[in-house]
Amino acid sequence: MFPKKLWIFPIIFGLIGAFIGLLLRYAHTGAVIFSSFSYKNYLHAHSHGMLLGLLFNAILILVWLNFSRKMDRISFRYYISMQVSMAAMIVAFIYQGYAFYSILFSTLHLWISYILLIRLWKRLEGNKELVLLVKSGIFFHFLSSLGPYALGPLMVFDMRDSPWYQQSVFFYLHFQFLGVYFTWMLALLFKKATVILNKFHVLIIVLSLFFLYAHTLDYSFDNWLIQLFGGLGSVMLFAVLFHLRSFFYNSNRNLRNIYLLVLTVTIVNFAGSFPWVADLVVSNRFVLIAYLHFLFLALYIPFIWVFLGKKISVYVWILYAVSVIFSEIFLLFPGAISIWIPVSVMDLLFYAYSGVFLSIAFVHLPIIFTNKNIKILDQ
C-alpha cells in the first residue's frame, strides 16, 4: 500500500484539530471570533480531531506498517470509511455539539475501528513479545469503549451529575492515552531500538496501566487505596522501563529522547500518587490540561514525527519545544507569571499555542503537497 494514501488523513486532521485548538485559545483571550461560535462545540471537535483523527490514525498506521506486511485492500476500504466518519464527526460537533449526528458518526467510527483492529490482529507478525504488546493495545481499545457505552444508560437513569458519568469519560481517555497509544508506542520504540522483551516485561507493563486507572478515580472518590494502586502502577511502570535502559545507549538521539520522555511520563504519574498532588490536579483544571497536553504535545506528537521518517528542520524542533515548554509553564504557574509579566496569562497561552500550531503546519503542510512517498523508518 502506498503510505501517503494512509498518512494524508492524520496529517490533515492534525492540522484541522490544531487550528481549532488555536481558535479556542484565542477565544480565551476575550476576543469574539464570530457570533455563532460555541466554545463547547469546538472543544468537542478539537479533542476528537486530535485524539482520533491524528493520534489514533497515525499510531495505527505505524503499527500496521511495522507489524504486518501491508494493509490489504479490504482493510484500506474500512480505513477510508473510518476517515469519512471522522470528518463527519468533526463537522457535526461544530454545528450541533454532542447530539444525534455527532453521536451517530462517533459510534460508526468506533464500530469500524473494531473491524479494522480485528483484521490487524489476524495479520500481526514479528517478535512474539512485541506482538503481544500490540495485542494488549488492541484489547485496551475494546475495553476503553465501555466508557462511552455507559454514558447512554447513565443519562437515561438521570445520573449525568453523578461521579460515574465523569468516570465513564475518564475511563475511555485513560485506556486510550495510557492503554492503546502507550502500548503501541512502546512496541514501535522497542522494535526500533532492538529491545529484548520477555512475557514478564509485557505483563508488568499491562498490569501497571490497569493500576494507573486509579489516578482518575481521585476526581470522584477519596480513599487511600486509590493512591496505593496508582502509586504501585507508576512504580511498576517506571521500574520495568528503567530496567530496559541499556538497549537505548547505542540508539540514535531521537529514540533516546523519546525514551527519556516516556520515563518522564512515568515520573509524573508517580508524583500524582501523592495526595497533595492529586488534590491539586482535581481542584485546578489548568494542571489537568497541562498533564494531558504534556502527553499529547510533548510525547505522542514528537514520537509520530520521529517515526514518520521525514526530515524536520532543527529550527522547527526548537520552535515546537519552546512553545510546548512555555505553554506548560503558563498552565502550571499562572499566578507567578501574572506577577512577573504584565500580560494576561490567557494571551501568553495563545502566543505559546500559536508556536505549536505553526510547528505542526511546518511539518504537515509539506507532506500534503508533496508527490513523493513518505519513508517509514522500518521500510
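This is a predicted model: local features need pLDDT of at least 70, side-chain atom pairs count only at pLDDT 80 or more; totals for chains, interfaces and linings use all residues.

Colleague: Okay. Then is Gln-176 buried or exposed?

Modeller: Gln-176 is buried, because its relative accessible area is 0%. The residue is found in helix H7.

Colleague: Which residues does Gln-176 touch?

Modeller: Leaving out residues up to four places away in sequence, Gln-176 touches Phe-56, His-141, Ser-144 and Tyr-181.

Colleague: Let's zoom out. How many helices and strands does the protein chain have?

Modeller: There are 16 helices and zero strands.

Colleague: And what radius of gyration does the protein chain have?

Modeller: It comes to 20 Å. A compact globule of 379 residues would have one near 21 Å, so the two agree. The C-alpha atoms fill a box of roughly 50 × 50 × 50 Å along the principal axes.

Colleague: How much of the chain counts as buried?

Modeller: 53% of the 379 residues. As for contacts between residues at least 6 apart in sequence, 79% join residues at least 24 apart.

Colleague: What about the accessible surface?

Modeller: About 17900 Å² for the protein chain. Carbon and sulfur atoms hold 69% of that.

Colleague: How many positive and negative side chains are there?

Modeller: The chain has 25 positive and 11 negative ones. The centres of the two sets lie 19 Å apart.

Colleague: Switching to helix H4. How far apart are its end C-alpha atoms?

Modeller: They are 35 Å apart. H4 has 24 residues, 100-123, so at 1.5 Å a residue it should span 34 Å, and that agrees.

Colleague: Which residues of H4 are buried?

Modeller: Among them are His-109, Leu-110, Ile-112, Ser-113, Leu-116, Leu-117 and Leu-120. Ser-102, Tyr-114 and Arg-119 are buried too.

Colleague: What do the buried residues of H4 pack against?

Modeller: Helices H2, H3, H5, H6 and H7.

Colleague: Last one. Where is Arg-69?

Modeller: Arg-69 sits in the loop between H2 and H3. At 72% relative accessibility, the residue counts as exposed. Arg-69 and Arg-123 are 54 residues apart in sequence, yet 8.0 Å apart in space, C-alpha to C-alpha.

Note on methods:
Residues are numbered from 1 along each chain as its sequence is written. Side-chain values use heavy atoms; hydrogens and water are left out. Helices (H or I, at least four residues) and strands (E, at least two) are DSSP runs, numbered from the N terminus. The expected span of a helix is 1.5 Å times one less than its number of residues. Buried means under 20% relative accessible area, exposed over 50%, partly exposed in between (1.4 Å probe, protein chains only). Contact means heavy atoms within 4.5 Å. The radius of gyration is taken over C-alpha atoms; the globule rule is 2.2 Å times the number of residues to the power 0.38. Accessible areas come from the Shrake-Rupley method with a 1.4 Å probe; for residues, only the protein chains shown count as cover. Lys and Arg count as positive and Asp and Glu as negative; His and the chain ends are not counted. The place of a charge is taken as NZ of Lys, CZ of Arg, CG of Asp or CD of Glu.
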